[in-house]
Amino acid sequence: MPQGETFYRAVSQVLFISQAYALLPVSNIRSVDVNKIRFNWRSPRVIYSATIFLLNLCEFGAVLNYVSSVGVNFHTSSSLALYIVCLLEHLFFWRLAFNWHSIMRHWHRVEQLFLSVPYRFYGEYNMKRRINIVVGLVMSSALVEHCLLLANSFHLSNLERTQCNINVSYLESIYKWERPHLYRVLPYHVWLLPLLEWVNETIAYPRSFTDCFLMCIGIGLAARFHQLHRRIAAVHRKVMPAIFWTEVRQHYLALKRLVRLLDSAVAPLILLAFGNNMSFICFQLFNTFKNIGVDLIVMVAFWYSLIFAIIRTTLTIFITSSINDFEQKIITALRDVPSKAWTPEVQRFSEQLGNDMTALSGNGFFYVTRQLILSMTTTIITYELMISDVINQATIRQKTVYC
């Protein structure tokens, strides 16, 4: 591992790109010096993020007005949930931006322990490469999903326009289909479409980026726990002096405090991300009772969106839970310490490892460990069995006639 590969430097490019979508508006995010990170209310990033947030808030008001006029049902409630989640994600990233400079400084201080001898010899866990690969794969897949959903909207809006003989242009029909809540209050103008599409991007982007952000934090923390485990594993079944175990225990406690700091900072994002993913998967599973195979474009967009949500959620749990996985490996390594080398320091270290859960959590409601995959899978299967028992599939069909 290069000596300067800190989490701050490894994730700076990813966070810089996210600022284009009005997330985490802190200044000097790509600076070499972590001490230059600032949150400045007068900075262009903050002004831009505030503008995007206000535009999203105005559109949410239009959605509320539309839902109140047409009534709340299963599908309009999903639109409401989308905008609520989007606004909350923006708010939580703003909350994180206030403290990002202090979090990164604390993380940087802890990492200095693991960028020096002897930990530099145990650093093949390439943090930056893992972050770039994960974010690249997930966000490129999210872009494909967004393009498929747009193609689906274009296709369906054109079907409505041709079947109903609506005397409007193709672009206006798209505007009416994509933004029925705005169509009632904001007349169609062609120059509005690029602006509204960009606002739509800022709504769609955080859903996948929040998962990527949690994965980045999981990779950054797991890299340091990996180094700690490798150092302990390197002295497997050897008799080590008490000073060795004192130093290792102190480094573990430094990581433990870092995990607690990050958990308090990102716990609302974790709770929101997993809650949104679960609700979206369940909503799409409900839609599987439709005859979605009638139209190829609708079928491809639907199944890609559902499968991508499941894979993204599973990958988020798998990567973020690696923090707890490495702690379990450390516990296993301690069990192999010879009895003649079992000192009070080793005993104290073993008790500290076993007394508390080291993992990120959703505000204490759950911990992100491998067991969470099984829990979510069980919940989804139970939901699918329940709705399959109460819904008559013959009465639910895809909408193919729009007039």
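The lining of the largest cavity divides into seven nonpolar residues, one polar and three charged. Here Ala, Val, Leu, Ile, Met, Phe, Trp, Tyr, Cys and Pro count as nonpolar, Asp, Glu, Lys and Arg as charged, and the others, Gly among them, as polar. The model is predicted: local features need pLDDT of at least 70, side-chain atom pairs count only at pLDDT 80 or more, and totals for chains, interfaces and linings use all residues. Residues are numbered from 1 along each chain as its sequence is written, and side-chain values use heavy atoms, with hydrogens and water left out.

**Cavities**

- The structure holds two cavities of 30 Å³ or more; a cavity is a set of points, on a 1 Å grid over the protein atoms alone, where a 1.4 Å probe fits but cannot get out, and its lining residues have an atom within 4 Å of a point.
- The largest cavity has about 70 Å³ of space, a volume being the space filled by probe spheres set on the grid points, which are joined across faces, edges and corners.
- Its lining consists of Ile232, Ala233, Val235, His236, Arg237, Lys238, Trp245, Ala333, Asp336, Val337 and Pro338.
- The second largest cavity has about 30 Å³ of space and is lined by Glu160, Arg161, Ile166, Val168, Ser173 and Lys176.
- Helix H4 (127-163) and helix H5 are the elements that give two or more residues to the lining of this second cavity; helices are DSSP runs (H or I, at least four residues), numbered from the N terminus.
- By class, the lining of the second largest cavity has two nonpolar residues, one polar and three charged.

**Surface patch**

- Leu55, Phe154, Tyr170, Leu171, Val190, Trp191 and Leu195 make a nonpolar surface patch of about 640 Å².
- Such a patch is made of residues with over 30% relative accessible area and no salt bridge, with nonpolar side chains joined within 5 Å; a salt bridge is a side-chain nitrogen of Lys or Arg within 4 Å of a carboxyl oxygen of Asp or Glu.
- Leu171 belongs to helix H5 (residues 170-178) and counts as partly exposed, at 38% relative accessibility.
- Buried means under 20% relative accessible area, exposed over 50%, and partly exposed in between (1.4 Å probe, protein chains only).

**Positive phi in a loop**

- Leu24 is not a glycine, yet has a positive phi of about 50°; this residue lies in the loop between helix H1 (7-18) and helix H2 (44-70).
- Leu24 is buried, with a relative accessible area of 1%.
- Asn28, also not a glycine, has a positive phi of about 60° and is placed in the loop between H1 and H2.
- Asn28 counts as partly exposed, at 38% relative accessibility.

Terms used
Patches are made of residues with over 30% relative accessible area and no salt bridge: like charges are joined within 9 Å, nonpolar side chains (Val, Leu, Ile, Met, Phe, Trp, Tyr) within 5 Å. Accessible areas come from the Shrake-Rupley method with a 1.4 Å probe; for residues, only the protein chains shown count as cover. On a 1 Å grid over the protein atoms alone, a cavity is a set of points where a 1.4 Å probe fits but cannot get out, and a pocket is an open set with protein on both sides within 12 Å along at least five of seven lines; lining residues have an atom within 4 Å of a point.
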